[in-house]
Amino acid sequence: MSVIGYLVVMKVLVAEKCGFCHGVRTAISVAEKTLAENKDKAVVYSLGPIIHNRDEVNRLAKAGLRTVDDIKEIDSGTVIIRSHGAAPSQIDELRARGLDIVDATCVLVKRVQHIAAQLGKDGYQVVIVGEENHPEVQAVMGCAQDVVVIADESDLPKLTGKGKLGIVCQTTQEPEHFGNMLGSIGRRSFTELKVINTLCNEAIKRQESAVRLCKKVDVMFVLGGLESANTRRLAELCKKYNNETFYLQNRAGLDTRTLSGKEVAGVTAGASTPDWIIDEFVSDLEAFEA
Ligand code: SF4
């Protein structure tokens with residue numbers, strides 16, 4: 001904290017790597033381009049929120065993007081497949097309904113889908129280490145017949161056979177957790193384990209950078225959609241190393257009492273948090289007068 005005359009200014013450090021990853025940035029620019037091309041011509045839909053950030057979804061909704069959860073809600077127009085992807089059966093249904101499809105699935109998520117499909121064809125039971133309700137995992141589950149999702153140790157009893165397992169990971173999982181789950185699966189007597197590393201480097205870099213920063217600040221803020229798995233993971237990690245960690249959707253969530261007595265604040269943000277949310281928040285912190 002520096003003192004300017006009678007003003008006491010909070011020092012704010014922003015994580016080296018935070019905010020939009022290339023997959024999310026691409027999905028947003030695809031949405032903006034599709035909206036511009038279809039202006040006054042056709043309705044543009046997103047199958048599920050384009051990214052896990054309500055503020056950005058609302059911004060795009062004002063520009064005309066309609067978010068629907070069910071394909072049956074779409075009669076005509078163009079449908080954007082979000083960065084988390086969609087299951088092959090959903091794509092088939094969209095095609096069967098004669099809708100225009102714009103695929104904004106992140107290339108790394110596509111890679112997991114292809115790997116899962118190939119593992120299934122090669123006779124492996126596909127194991128996804130991740131969260132069963134996450135849209136990325138749901139889409140990957142649709143790529144093979146025999147799929148089991150393991151979130152943590154409590155899910156291990158789901159692995160009942162003894163045969164060949166092909167193991168992948170939700171892209172934004174923490175590497176240590178993936179490693180631990182592999183160890184636990186390895187202790188069971190399967191005849192073959194084929195592991196493919198599908199972790200996303202962008203997510204790993206954000207995690208490492210957040211941990212480095214949270215260790216040297218008095219208070220740490222993690223910004224992003226409360227429904228965003230990668231942001232939640234950043235918050236959990238920071239909390240491990242800095243108990244004064246707060247997970248907020250945006251500037252509106254800032255309780256200035258959390259700044260009381262603090263000199264240095266750290267800020268990080270999930271891969272689905274837009275720059276403008278980070279910039280607004282940092283400005284508020286920098287303007288804070290203790
Ligand atoms: S976090 Fe990684 S996998 Fe997810 S959208 Fe971004 S680049 Fe793609």
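Author: Let us begin with pairing: two strands count as paired if DSSP finds at least two bridges between them. The model before us is predicted.

Reader: How many bridges join β12 to β13?

Author: In general, strands of a sheet pair through backbone hydrogen bonds, either parallel or antiparallel. Strand β12 (residues 219–223) runs parallel to β13, and 4 bridges join the two. For V222, the bridge partner in β13 is Y247.

Reader: In what order do the strands β8, β9, β10 and β11 form a sheet?

Author: These 4 strands form an open sheet with parallel pairing, in the order β9-β8-β10-β11. The edge strands, β9 (147–150) and β11 (192–195), each pair on one side only. Neighbouring strands of this sheet are turned by 25° against each other on average, direction ignored.

Reader: What is the bridge partner of G166 in β11?

Author: That partner is K194. Strand β10 (residues 164–169) and β11 run parallel and are joined by 4 bridges. Helix α4 (residues 107–121) packs on this sheet, where α4 touches β8 (125–129), β10 and β11. The direction of α4 makes about 175° with that of β10. Helix α6 (residues 175–186) also packs on the sheet, touching β8, β9, β10 and β11, and its direction makes about 170° with that of β10.

Reader: What is the handedness of the β-α-β unit that β6, helix α3 and β7 make?

Author: To read handedness, one views the unit with the strands pointing away; a clockwise path from the first strand over the helix to the second is right-handed. The unit made by β6, helix α3 (residues 88–96) and β7 is right-handed. Its strands, β6 (residues 78–81) and β7 (residues 100–103), pair in the parallel sense over 4 bridges. Within this pair, I80 has V102 as its bridge partner in β7.

Reader: How many residues surround the ligand, and which are the closest?

Author: The ligand is surrounded by 15 residues, the closest being C21, G23, C106, T171 and C200. Helices α1 (22–38), α4 and α7 (201–214) each supply at least two residues of this shell. The largest share, 3 residues, comes from α1. By class, the shell has 8 nonpolar, 6 polar and 1 charged residues.

Reader: How many helices and strands does the chain have, and why is the chain said to be as compact as a globular protein of its length?

Author: The chain has 9 helices and 14 strands. Its radius of gyration is 21 Å, close to the 19 Å that the globule rule gives for 290 residues, so the chain is as compact as a globular protein of that length. Along its principal axes, the C-alpha trace spans about 70 × 60 × 25 Å.

Methods:
Residues are numbered from 1 along each chain as its sequence is written. This is a predicted model: local features need pLDDT of at least 70, side-chain atom pairs count only at pLDDT 80 or more; totals for chains, interfaces and linings use all residues. Axes are lines fitted to C-alpha atoms, for helices over the stretch in contact, and angles run from 0 to 180 degrees between N-to-C directions. Two residues are in contact if their C-beta atoms, placed from the backbone, lie within 7 Å. A residue is near a molecule or strand if its C-beta atom, placed from the backbone, lies within 6 Å of it. Ala, Val, Leu, Ile, Met, Phe, Trp, Tyr, Cys and Pro count as nonpolar, Asp, Glu, Lys and Arg as charged, and the others, Gly among them, as polar. The radius of gyration is taken over C-alpha atoms; the globule rule is 2.2 Å times the number of residues to the power 0.38.
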